[in-house]
Amino acid sequence: MARTITLFTGQWADMKLEDLAPLAKQMGYEGLEIAITQNHFDPERADDKKYLKSRWEILEANGLNCFALSNHLVGQCVCDNIDSRHRSIMLDRIWGDGDPEGVRKRAAAEMIRSAKFCKKFMDMRPKSLGESPIAPTITGFTGSSIWQYLYSFPPVSKQMIDAGFADFAKRWTPILNAFDKAGVNFALEVHPTEIAFDIASAERALKEIKYHKRFGFNFDPSHFAYQGVDYVKFIRKFSDRIFHCHMKDVWWGHGSGEAGVFGGHTDFCDPRRYWDFRSIGHGDINFEEIIVALNDIKYAGPLSVEWEDGRMDRIHGATESFQMVKSFDFPTSDIAFDSAFDTSNQ
């Protein structure tokens, strides 16, 4: 199954879309997963039809498609315990006076707004680019009020964890209802610091929001592997909830043994680290197993390269990553391999 290979623009937010689009095409990409950020998809201008049309004009002129927008940063603030870290990632009008509950409420309102302009944008897709294989989708984070309790000492009570999941459901159910009204899916990137960061917590999150039809996942194997979570099992377990896919590699067990899974407060690329994100093909992820599983569940959406590797030039790495994904995204067979032995087929 040949899927569209897109580039997630978040790590390229320093470039204007006008400059990134031709570069992405030059690197081989067939589309972009556009981050809602000033240089790529300015949320302050997202109600302007002319501005939305200009995004498609840039894409179409470079032979690129788009199936999903990313609103990771705003989503993070919906459930998080807000502190000074969030100031640097948040728009002034959402940050306001920095009162944590005010930030969370304004972030929730902005997520609802983003569903509306995402639908409007996707409905403006030029006919020359064909139809989307997936529903209009926003990828992102949820934040979590209980991530700080990951390691249970002093002992964390069941009631404290229950309260955290209840807080998630209370804050996100109205958002998801608005997504449903708009006809847009939300794809959570299951990730440390989110309400769901592995299979067990993803199951709990789904249960808490009563299996809301607009809540699914942006599958990214790099966030599971170094934790020891079976990333292929995730695909099969949540086969009807894989709304979008990131292709990103990671290696683990290559450090000096001085910093473990929790990172030891070291920076990325510190040789003491147990794990680091790598350019595709330079880590330990088995992408062939992923493609087999995606084929088995008949996932037809894009494969979006989120390029992160502090040891490599990004243009070199992103170009090589496209070529790697293209090589292992093999089509499925529509016949049984041994059917040729049947004499009626000879």
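Analyst: Let's start in the loop between helix H11 (287–296) and strand E10 (303–305), where Lys298 is found. This is a predicted model, and in it Lys298 has a positive phi of about 65° although it is not a glycine. Most residues other than glycine have a negative phi, and most peptide bonds are trans. Lys298 is also exposed, its relative accessible area being 65%.

Tyr211 is another residue, not a glycine, with a positive phi, in this case near 55°. You will find Tyr211 in the loop between H8 and E6. With a relative accessible area of 49%, Tyr211 counts as partly exposed, because the exposed class begins over 50%.

The peptide bonds have something to show as well. The one running from Phe153 to Pro154 is cis, with omega near -5°. Pro154 sits in the loop between strand E4 (137–140) and H7.

Helix H7 brings us to the charged pairs. Arg204 and Asp162 form a salt bridge, with 2.8 Å between their closest N and O atoms. This pair links distant parts of the chain: Asp162 belongs to helix H7 (residues 158–182) and Arg204 to helix H8 (residues 199–208), 42 residues apart. Both partners are partly exposed, Arg204 at 24% relative accessible area and Asp162 at 25%.

Past H8 and the loop that holds Tyr211, the next pair is Asp220 with Lys248, a salt bridge whose closest N and O atoms are 4.0 Å apart. Asp220 lies in the loop between strand E6 (215–219) and helix H9 (222–225), while Lys248 lies in the loop between strand E7 (242–247) and strand E8 (249–252), so the partners are 28 residues apart. Here both Asp220 and Lys248 are buried, which means that each has under 20% relative accessible area.

For the whole model, the count comes to 29 salt bridges.

Methods: Residues numbered from 1 in each chain as written. Predicted model: local features only at pLDDT ≥ 70, side-chain atom pairs only at ≥ 80, totals over all residues. Heavy atoms only, no water. Salt bridge = Lys/Arg side-chain N within 4 Å of Asp/Glu carboxyl O. Helix = DSSP H or I, 4+ residues; strand = E, 2+ residues; numbered from the N terminus. Buried < 20%, exposed > 50% of the residue type's maximum accessible area, 1.4 Å probe, protein only.
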